[in-house]
Amino acid sequence: MTDIAAGPRRLSSTETVRAGLGRRKRHQIMLQGLGLAAISFAFLMLATLVGSLVMTGHKAFTQTHITLDVYVDPAEIPAAGLPRGGFRDVMTAALAERIPGVESRAELRALGAILSNGAQFMLRDRIVADPSLIGQTITMRVPVSDPYDQLKKGLIDRETPEAFRRVKDQEIAWFDTLMAQGAITEPFNWALFRNADSRFPELAGLKGALIGSAWALLVCFLISFPLGIGAAIYLEEFAPKNRVSDLIEVNINNLAAVPSVVFGLLALAVFLGWFGMQRSAPFVGGLTLALMTMPTIIIATRAALKAVPPSIREAALGVGASRHQVVFGHVLPLAMPGILTGTIIGLAQALGETAPLLLIGMNAFITSAPSTPFDSATALPTQIFIWADSPERGFVSRTSAAILVLLTFLVVMNALAIFLRNRFERKW
Amino acid sequence: MSRIKVTASALAIAAVSATAASARDEIRIVGSSTVFPYTQAVSEQFANNTGAPSPIVESTGTGGGMKIFCGGIGEGHPDITGASRAMTVSEYELCTQNGVTDISEAMIGYDGLSMAISRSNSFDWDVSLGEVFLALGAQVPVNGEWVDNPFKKWSEIDSRLPDVNIVVLGPPPTSGTRDAFVELAMHAGCKELAYVKDGGFDSAWVNENCSRMRTDGPFIEAGENDNLIVQRLESDPNAMGIFGYSFLYENLDKLKGVKLAGVDPEFDTIADGSYPVSRPLFFYVKNAHRGVIPNLQEFIEEYMSDDALEPGGYLTERGLVPLDAESRAALQDSVLNAKSMDAK
């Protein structure tokens, strides 16, 4: 102690602190600033992404329709000939009623192209359902074809020289006449949810993909949830702590980080190759996604089980419960909110997964929705993949709209997970 | 717990056997992504007209499609595969080994590979295939030397071309479009050059040296998504894109084709072969599946109908370059009557 007095005078600790204070404050401010910058950057990116999706995607939520008084001509559609008949000609004739002076075949053909290709089949389905309509005049609202939908939405520039435009001057004039007559409306695009895929953008919808995704997720849940919880309970509550169980634990953690395409290749080799299962089936998709989701569920379940305090187990054992009763009567119910949160987040991940589904052929073009998990189907992400690669202009906005639908589902699922956690989870 | 496990695995096993046993009542089609839009159109038309279950059309690429198609005969294997080139000898052998011996080949039309540029670019682009190779090859001849491609601007290749940077967006090596472009444009362009023509090189040398696209910046692999290339071209008036003619056709209001050797990419020039970069499109049918898989014959009839194939038919509306009337009649005859293709 005497040495201190002998040496050059040292700063007291208060002074040291004071001298460094400015530097510490600067660091503090810098750290805060960096954090703020990082968060703002992330938000900016997110806003750009969602913003650009909404900008292009919102146009797909409405679809231009045309209302026509259709005279169901018995000469074109004889009752005896159903379901075949000249439905296209009848629709074109109804349209020609509104535009006087269109006579030649070529002109009628061009005029008929204003109507969606699906219009004739809508008429057919209506007549087949009620053949008494033959000979009457019925009012129908049918979608217009994609180029005219683009025109209505202002996506086709009228200033472009005619030769380079999909819609010619004459056709624009016809369409403007129809607009002036009030025949053109732009209601909500129900087809986006009620129809399965189509090569015509105005008819294409997500129904097949939504049902396909739902089946795949159901299969995925039914397999990964019980197996995942079972494995987690065994590892956490019953397995002896030794090298083998350590090895298993390390492997499960690794499995959770394996890229999803690897699971796709595995499914291709095992499910499709060895077991000879069908390509493109949501059932196989669900199995593949279950392989991917299981490690996530096991890890979440083990964490939830670990969070239940040992006192609960000891108390239950103390009053004479068996280990089985302790786990299923006490620990598992208390851990359930955590388990469910983990499961929902795992399923949300599975919902957005594309690569493994591409490998098992769930990126097929199918114009009908699946009715069982064994029917061929697409899923939401693979449907986006198909639409993104379609040449028709209308699919650009529909791709963004489909992404928005997928994002909505993800947000809802994650919100549900947060709700469950906040509402039911107990803190000890 | 064990009960749950047992139930789950029993469920899985039951489901597996159910899938394997269930009969297939829809047509399954795989193959080239270039033929995919046309097959799509026929499938939808067919399902709408007949009320039959809609065929399942999968875009797997030509090679991938052949592998699946040639996997064998029976419900577990597809009925039709699309191809943007003819079936190769090794693929035919694979088919034969697996019992797929009776195949009908249908050449449905042509697809042009177009180079396109934004309409806001005012220059009237007309390049020879040799110039395309000089712009995009990894190694090119300069002053009699085979060297790494030094060209950064079009004007450096030929003084009549504008003084702008070479920026070309194209498909990645995994794409059939890329294979076709390399074979039809790059190889042909390479052989046009005096250095190669007079050098007496064999085709193995050409294959090895003229197939590589440059990787130093001017050629950009833009992924498989052609719509993305279209968007890039709109925002950069000096950038060119390489894609199938159907994408140029859909976007003619924003893009214009680059003339190759003086010829514009158009239906007529692609069909008569004067546009140099075009390829035939095919599909292959397993004749053993006709009459076994419900509706397969009817589907083929729809594909072969004049409504679909003739000029102005719904396939040409989608960008298929149609056959002339005579070849169409021959095609319809051979495919509808299930004539088997010759062993190669």
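Visitor: Which way does helix 9 of chain A pass helix 14 of chain A, in a left-handed or a right-handed crossing?
Guide: Helix 9 of chain A makes a right-handed crossing with helix 14 of chain A; a crossing is called right-handed if the near helix is turned clockwise from the far one by less than a right angle, and left-handed if anticlockwise. This is a predicted model, in which local features need pLDDT of at least 70, side-chain atom pairs count only at pLDDT 80 or more, and totals for chains, interfaces and linings use all residues. Residues are numbered from 1 along each chain as its sequence is written, while chains are lettered from A and ligands numbered from 1 in the order in which they are written.

Visitor: And at what angle do the axes of helix 9 and helix 14 of chain A cross?
Guide: The axes of helix 9 (residues 207-238) and helix 14 (residues 323-351) of chain A cross at roughly 140° and come within 10 Å. Here helices (H or I, at least four residues) and strands (E, at least two) are DSSP runs numbered from the N terminus, and axes are lines fitted to C-alpha atoms, for helices over the stretch in contact, with angles from 0 to 180 degrees between N-to-C directions. The two helices, helix 9 and helix 14 of chain A, are therefore oblique to each other, given that angles under 35 degrees count as roughly parallel, over 145 as roughly antiparallel, 65 to 115 as roughly perpendicular and the rest as oblique.

Visitor: What about helix 13 of chain A, how does that pack with helix 14 of chain A?
Guide: Helix 13 (residues 310-318) of chain A packs with helix 14 of chain A at an angle of about 155°, and their axes are 10 Å apart. That angle makes helix 13 of chain A roughly antiparallel to helix 14 of chain A, and helix 13 of chain A also passes helix 14 of chain A in a right-handed crossing.

Visitor: Okay, what does UniProt place at residues 210-417 of chain A?
Guide: An unreviewed UniProt entry places the feature "domain: ABC transmembrane type-1" there, at residues 210-417 of chain A; UniProt positions are in the numbering used here, feature names are shortened, and annotations may be inferred rather than shown by experiment. In the model, residues 210-417 of chain A are 77% helix and 1% strand, with the end C-alpha atoms 21 Å apart.

Visitor: Where is Ser280(A) found?
Guide: Ser280(A) sits in the loop between helix 11 (260-274) and helix 12 (282-307) of chain A, and its phi is near 65°, a positive value in a residue other than glycine. Ser280(A) counts as buried because it has 24 C-beta neighbours inside 10 Å; the rule is that 20 or more other C-beta atoms within 10 Å make a residue buried, 12 or fewer make it exposed, and counts in between make it partly exposed, with C-beta atoms placed from the backbone.

Visitor: Switching to chain B, is Asn143(B) buried or exposed?
Guide: Asn143(B) counts as exposed, because it has 6 C-beta neighbours inside 10 Å. Asn143(B) lies in the turn of a hairpin formed by strand 6 and strand 7 of chain B, with 2 residues between the strands, and has a positive phi of about 50°.

Visitor: How do strand 6 and strand 7 of chain B pair?
Guide: Strand 6 (residues 139-142) and strand 7 (residues 145-148) of chain B pair in the antiparallel sense over 4 bridges, where pairing requires that DSSP finds at least two bridges between two strands. Val140(B) stands opposite Val147(B) in strand 7 of chain B.

Visitor: How many residues of strand 10 of chain B are buried?
Guide: In strand 10 (residues 240-244) of chain B, 5 of the 5 residues are buried, so the strand is largely enclosed by the rest of the structure. Strand 4 (residues 103-118) of chain B pairs with strand 10 of chain B in the antiparallel sense over 5 bridges, while strand 8 (residues 168-170) of chain B runs parallel to strand 10 of chain B and is joined to it by 2 bridges. Met240(B) has Ile117(B) standing opposite, and Val168(B) also stands opposite Met240(B).
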